[in-house]
Amino acid sequence: MNILLCSAGRRVKLVKYFKEELKKIGGKVVAADCDPSAPALYLADSAEIVPRITHPEYIQHIKQVCKKHKINAVLSLIDPELSLLAENKIEFEKENINIIVSNKDVVNICFDKFLTYTFLTSHNLPAVPTYVKIDDILSEIEKNQIQFPLIIKPRTGSASLGISIIHSLEELHALWKDTGELIAQPFIVGDEYGVDCYVDFINYKTTNIFCKKKIKMRAGETDKSIAVNDPELLHLIEKTLNELKAIGPVDIDCFKTDSEYIISEINPRFGGGYLHAHEEGQNFVKNIVNNLAGMCNSVDIGNYSDGSVMIKFDDVLILRGIDQVPFHHHLQKSV
């Protein structure tokens with residue numbers, strides 16, 4: 001069994017997890033990225049340089065990589081690529097290649113922060129208030145329903161890019177563009193939580209939920225976290241997944257206010273903080289391998305202890321020129 005990880009980027013540890021699990025069954029992990037210096041390329045069993053996901057022939061390149069390496073399943077590790085893969089899911093399935101991503105409607109709900117808010121509130125799930133019209137924002141401020149500071153960010157952004165904190169009406173009017181591409185949210189005071197989940201893609205049951213409080217963030221990713229086993233949060237997340245109908249790995253962000261947990265974002269892919277869950281025995285990589293082999297996974301929700309702390313650290317790899325790397329024989333440009 002061979003698995004392709006697209007847009008592998010810096011996800012070195014995740015690549016290693018796949019490598020370990022697939023080695024047990026004689027399989028391999030192939031990493032693909034448009035950047036020849038992406039670290040994850042150099043830790044996979046094989047690597048491929050591919051065009052950017054915006055290239056008109058991108059999907060054809062991925063199909064060629066799949067054929068070359070006899071790939072059984074494909075995952076992407078970044079949000080913008082999920083919609084593209086979901087759109088082409090059926091095309092890959094015709095060639096017996098599993099695209100491990102939720103259906104397009106689910107991906108679209110998660111990628112668009114206003115659609116996420118609309119979905120959550122329509123299912124009576126607590127959500128961070130989200131606005132796309134300046135008139136609604138001004139009306140809520142006038143009614144004292146929201147106060148400054150406010151968070152302004154792209155409606156479909158990721159990795160905490162393009163986020164601004166504004167403190168006055170003057171700043172709001174200066175920054176806001178009524179193009180439908182921005183959202184405004186109140187600045188939530190409370191601890192931030194990340195939840196790693198797995199939904200079996202054979203029987204569609206939620207099998208794993210691992211909750212952690214974020215202690216430190218860097219570039220939108222969890223750098224330090226502490227495991228939290230709170231039945232209230234576990235119940236909220238299970239209810240959310242039951243309504244969403246996502247499959248595979250899902251990453252959900254929440255805040256804990258004085259009164260309740262509220263959901264801020266849902267990403268239907270491996271989150272950057274998944275490493276904590278994996279090291280605590282919540283092995284979603286094994287789950288994927290089981291599903292691809294036709295086996296359902298056992299429900300293992302909340303089977304971990306409070307209090308373990310994950311700390312990430314840096315590592316380095318020296319490349320003697322991108323074209324002269326020691327294992328250039330398997331790092332090839334897809335054509």
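1. Buried is used here for a relative accessible area under 20%, exposed for over 50%, and partly exposed for what lies in between, with a 1.4 Å probe and protein chains only. Helices (H or I, at least four residues) and strands (E, at least two) are DSSP runs, numbered from the N terminus, and contact means heavy atoms within 4.5 Å.

2. This is a predicted model, in which local features need pLDDT of at least 70 and side-chain atom pairs count only at pLDDT 80 or more, while totals for chains, interfaces and linings use all residues. Residues are numbered from 1 along each chain as its sequence is written, and side-chain values use heavy atoms, with hydrogens and water left out.

3. The protein averages a pLDDT (the predictor's confidence in each residue, from 0 to 100) of 93, and 95% of the residues score at least 70. Over residues 324-330, however, the pLDDT is below 50, and this stretch has 11 contacts in the model beyond near neighbours in sequence. Where pLDDT is low, the predicted coordinates should not be read in detail.

4. In helix 7 (residues 134-142), the buried residues are Ile134, Ile137, Glu140 and Ile141. Seen down the helix axis, the buried residues of helix 7 fall within an arc of 130 degrees (taken from the directions from the helix axis to the C-beta atoms), so they line one face of the helix. The face turned away from that buried side carries the exposed residues Asp135 and Glu142. The cover over the buried residues of helix 7 includes strand 6 (150-154), helix 8 (169-175) and strand 8 (182-186), and just after helix 7, asparagine 144 takes a positive phi of about 65 degrees.

5. Strand 6 and strand 7 pair over three bridges in the antiparallel sense, and isoleucine 151 has isoleucine 165 in strand 7 as its bridge partner.

6. A further open sheet has six strands in the order 13-12-9-10-11-14, and its pairing is antiparallel. Its edge strands are strand 13 and strand 14 (309-311), each of which pairs on one side only. Within this sheet, strand 9 (residues 191-199) and strand 12 (residues 248-256) pair in the antiparallel sense over nine bridges, with glycine 194 opposite aspartate 253 in strand 12.

7. Two residues may be checked individually. Serine 264, in strand 13 (residues 261-267), is buried with a relative accessible area of 15%, and, leaving aside neighbours within four places in sequence, serine 264 is in contact with Val128, Asp253, Cys254 and Phe255.

8. Helix 5 (residues 104-111) and helix 6 (residues 113-122) pack at an angle of about 105 degrees, with their axes 5 Å apart. Helix 5 and helix 6 are therefore roughly perpendicular to each other, a term that covers angles of 65 to 115 degrees. Here Asn108, Ile109, Cys110 and Phe111 in helix 5 meet Lys113, Leu115, Thr116 and Phe119 in helix 6.

Note on methods
Pairing = 2+ DSSP bridges. Axes fitted to C-alpha atoms, helices over the stretch in contact; angles between N-to-C directions. Parallel < 35°, antiparallel > 145°, perpendicular 65-115°, else oblique.
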